[in-house]
Amino acid sequence: MEWISGVAGGLVLILVLRSILRTLVVPRGLYSVLVYRLWSTLRKLLCLTARGGDYRAIDRAETWLAPLMLIGMLAAWLGGAFLGFGMLLYALSPLSWDTAFREAGSSLFTLGFASGARLRLSALDFVAAATGPVVIALQIAYLPTLYAAYNRRELEVTLLQSRAGEPAWGPEILARQWLVDTEVALPQLYRDWERLAADMGESHATYPVLLAFRSPRPYRSWLVGLIAVMDAAALQLALAPSTAPAEARLVLRAGFTALRDIAVSVRATFDADPPPDAPIDLTYGEFEAAVAMLEKTGFRAERGTEEAWPHFHGWRVNYEAVAYELCRRCDAVPALWTGGRDFPSEPIPPMRPVDRQPDGGEPEVPSGHG
């Protein structure tokens, strides 16, 4: 019995150490079973509390997902270490089960109430005493890194709101720029989101718990925002290739590279090299309606809708499937052109400011989402 306990305790400690190193220490997007299972379990439980509700109920419930994951990871690591050290102490000494676990808890949490003249257990007690504070210190050091990445992300998502509406939508970005003659600002927008995409690809793949951090406003989402910027760039390249800025191609490349890096870290499957004519979920009718809306704003297309469709299709096939899968897993706001969700939902069009001119009260941007 003792040797079984010793082997089992050693394996538990190895698994705990492996999970801590993969999650907190190794600067690479390594898959962590603990993080993924905790995310999946807590997500399902929180969604049950919002059963039958609309998206806002889901969003309110999942506001607690990230903090619960952080607490859950710490509790799982400390609980695993407590179990492992308790089993080892039982295997390496004549202590009873309750005494062994009492000593493990005393050492792990540096309480010091269980002590004795057991010299051959001192080394194990010292290791246990070091483990507890080290795990807690690593978790504390982990939080500033997470919140720094979160703040960088949410700053750009907030800035996008005036350009893309809430929730963000690619055609809306182009429409608003042409309505107010600010299309010259698009290259800078693409540059900002190219850098942000690279940042998110690195940070969210390395620390997947960031996927659980939701935006402060329910209709904002970093993932929906990235899809919107990529759709705007793809639309501009498809409809007006000679006047589209070079930054449009760069943000598309950075965007789908980031999405794929994140997908790899959470083991979401996708086609790494889809053919340009591979099927996509977005329909030609939806594309046609968006182009018609753009034409009402003064956007000058060089290609007709039918001619532009294969080019837009060829861009979108690179990121649509992986973007939809991440939106589903993250329960992102069900914006236009972002796929389905695990909860009943209808696509939500962007909220648009009202034109306060004396003759109107019409939406500032013509409707084009069907």
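Guide: Happy to. Helices here are DSSP runs of H or I with at least four residues, strands are runs of E with at least two, and both are numbered from the N terminus. Bear in mind that this is a predicted model. On that basis the chain has 13 helices and 0 strands, so its pattern along the sequence is simply α-α-α-α-α-α-α-α-α-α-α-α-α.

Let's zoom in on helix H7, which covers residues 170-179. H7 is mostly covered, with 9 of its 10 residues buried; the cut-off for buried is under 20% relative accessible area. After H7 comes Asp-181, which has a positive phi, near 55 degrees.

Now step back to the whole chain. Of its 370 residues, 52% are buried. Among contacts with a separation of 6 or more, 72% link residues 24 or more positions apart. The C-alpha atoms fill a box of roughly 90 × 45 × 35 Å along the principal axes. The chain exposes about 17,500 Å², and 60% of that comes from carbon and sulfur atoms. As for charge, there are 34 positive and 39 negative side chains, with the centres of the two sets 8 Å apart.

Methods
Residues are numbered from 1 along each chain as its sequence is written. This is a predicted model: local features need pLDDT of at least 70, side-chain atom pairs count only at pLDDT 80 or more; totals for chains, interfaces and linings use all residues. Side-chain values use heavy atoms; hydrogens and water are left out. Buried means under 20% relative accessible area, exposed over 50%, partly exposed in between (1.4 Å probe, protein chains only). Contact means heavy atoms within 4.5 Å. Accessible areas come from the Shrake-Rupley method with a 1.4 Å probe; for residues, only the protein chains shown count as cover. Lys and Arg count as positive and Asp and Glu as negative; His and the chain ends are not counted. The place of a charge is taken as NZ of Lys, CZ of Arg, CG of Asp or CD of Glu.
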